[in-house]
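Hello,

Here is the structure I promised to pass on. Please look it over, then read my notes below.

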Amino acid sequence: MTLSVCRTFLRSFCSSDATTTLLHSLSGSAALNVPSTKYLGFTKNATIFHALQRYTTSTLTPDSGEGEFPPDLLTKKCVMEPEHEIGLCQDLVVPVTDFHNGDRGLMVLAGDVFDVPIRKDIIHRVVRWQLAKRQQGTHSTKTISEVSGTGRKPYPQKGTGRARHGTLRGPQFRGGATMHGPKPRSHAIKLNKKVRRLGLKIALSARAAEGKLMVFEDMDIPSHKTKNIVSYVQKMENTKKVLLVDGGPISENLKLATQNLHYVNVLPSVGLNVYSILLHDRLVMSRDAVNKIVERMHTPINR
């Protein structure tokens with residue numbers, strides 16, 4: 001771990017006797033190579049901090065002879081610290097831009113929506129609930145009472161040497177019934193509203209933590225030409241699919257400009273969901289969409 005000289009110790013040495021003693025101890029250190037006191041050029045009443053100011057920024061590593069430097073002047077505090085830890089529910093400040101990469105100010109994202117702890121199990125449960133609920137369940141097969149055919153016994157019970165049969169609509173005959181086949185039903189599973197809401201928060205927090213969340217002032221584009229959207233997406237780095245989220249109804253120009261692009265999809269804020277966020281590696285939201293999502297997350301759950 002990188003070690004740095006703590007200036008608080010140096011400020012405490014202000015007397016001439018302490019100064020002379022400290023300088024003699026420093027002058028013998030091979031790591032800093034401090035010259036003799038007569039070459040420092042400071043007065044009797046000057047503080048040691050001003051005299052050694054240019055030496056206090058030196059750093060020591062375990063390979064640079066840590067034992068040669070006085071251990072009481074060293075601190076093991078990390079010089080570099082991470083800027084932000086994920087999942088602390090702290091408000092995030094992000095820049096606001098537009099399709100022309102203009103500077104439109106800053107926006108504060110609510111920490112309880114865009115900075116929650118990442119939990120893969122919640123994401124798995126919500127995605128499974130979404131995929132099961134959207135399944136149509138229209139599959140159907142015909143039972144023995146529904147298939148077409150006569151109900152007459154095909155041949156006598158005895159005397160023919162063949163197996164006994166009472167109908168030709170059984171499952172063992174061609175064109176017969178299907179036993180225990182699928183019938184139309186709902187594949188939806190139950191998932192609490194709290195878990196669904198938490199899943200959306202986690203998905204938004206994951207995109208914000210990855211730096212894949214962008215906030216636009218609005219989603220207005222000057223024309224309906226597809227080349228405008230294509231040129232903008234090409235400027236994004238490491239982006240294969242983009243999800244655009246607007247606060248209200250989608251404008252006609254934005255619909256026409258993105259309908260021929262399989263890697264660009266548009267959703268209103270009311271339709272934002274976990275599965276769509278995971279399918280796209282870049283999430284672009286308007287300022288109005290962010291406000292509506294936060295309001296939706298803060299609304300009490302109806303029981």
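Is His180 buried or exposed? His180 is exposed, because its relative accessible area is 82%, over the 50% cut-off. Keep in mind that this is a predicted model.

His180 sits in the loop between α5 and α6. Its phi is near 55°, a positive value in a residue other than glycine. Most residues other than glycine have a negative phi. Cys89 is another case to check: phi there is near 60°, again positive in a non-glycine residue. Cys89 belongs to the loop between β3 (74–75) and β4 (92–97). With a relative accessibility of 42%, Cys89 counts as partly exposed.

Next, the helix α5, residues 120–134. It has 15 residues and spans 21 Å from its first C-alpha to its last. That is close to the 21 Å expected at 1.5 Å a residue. Its buried residues are Ile122, Ile123, Val126, Val127, Trp129, Gln130 and Ala132. These buried residues pack against α6 and α9 (274–279). An α-helix has 3.6 residues a turn, so residues three or four places apart point the same way.

Now α6, residues 193–210, and α10, residues 287–298. Their axes come within 11 Å and cross at roughly 145°. The crossing is left-handed. On the α6 side, Arg197, Leu200, Lys201 and Leu204 take part. They meet Ile293, Arg296 and Met297 of α10. By class, this contact has 4 nonpolar, no polar and 3 charged residues.

Ser205 is in helix α6. It counts as buried because its relative accessibility is 2%, under the 20% cut-off. A polar atom of the Ser205 side chain lies 3.0 Å from the backbone nitrogen of Val116. Beyond its neighbours within four places in sequence, Ser205 is in contact with Val113, Phe114, Asp115, Val116 and Ile118.

Phe114 lies in helix α4, residues 111–114. At 1% relative accessibility, Phe114 is buried too. Leaving out residues up to four places away in sequence, Phe114 touches Leu92, Leu109, Leu204, Ser205, Ala208, Leu213, Val290 and Val294. Phe114 and Arg207 are 93 residues apart in sequence, yet their C-alpha atoms are 8.6 Å apart in space.

Where would I start? With the side chain of Ser205 and the backbone nitrogen of Val116, then the α6 and α10 crossing.

Best wishes

Terms used
Residues are numbered from 1 along each chain as its sequence is written. This is a predicted model: local features need pLDDT of at least 70, side-chain atom pairs count only at pLDDT 80 or more; totals for chains, interfaces and linings use all residues. Side-chain values use heavy atoms; hydrogens and water are left out. Axes are lines fitted to C-alpha atoms, for helices over the stretch in contact, and angles run from 0 to 180 degrees between N-to-C directions. Helices (H or I, at least four residues) and strands (E, at least two) are DSSP runs, numbered from the N terminus. A crossing is left-handed if the near helix is turned anticlockwise from the far one by less than a right angle, and right-handed if clockwise. Contact means heavy atoms within 4.5 Å. Ala, Val, Leu, Ile, Met, Phe, Trp, Tyr, Cys and Pro count as nonpolar, Asp, Glu, Lys and Arg as charged, and the others, Gly among them, as polar. Buried means under 20% relative accessible area, exposed over 50%, partly exposed in between (1.4 Å probe, protein chains only). The expected span of a helix is 1.5 Å times one less than its number of residues. A polar contact is a pair of N or O atoms within 3.5 Å; within protein, one must be able to donate a hydrogen and the other to accept it, and residues adjacent in sequence count only if both atoms are side-chain atoms.
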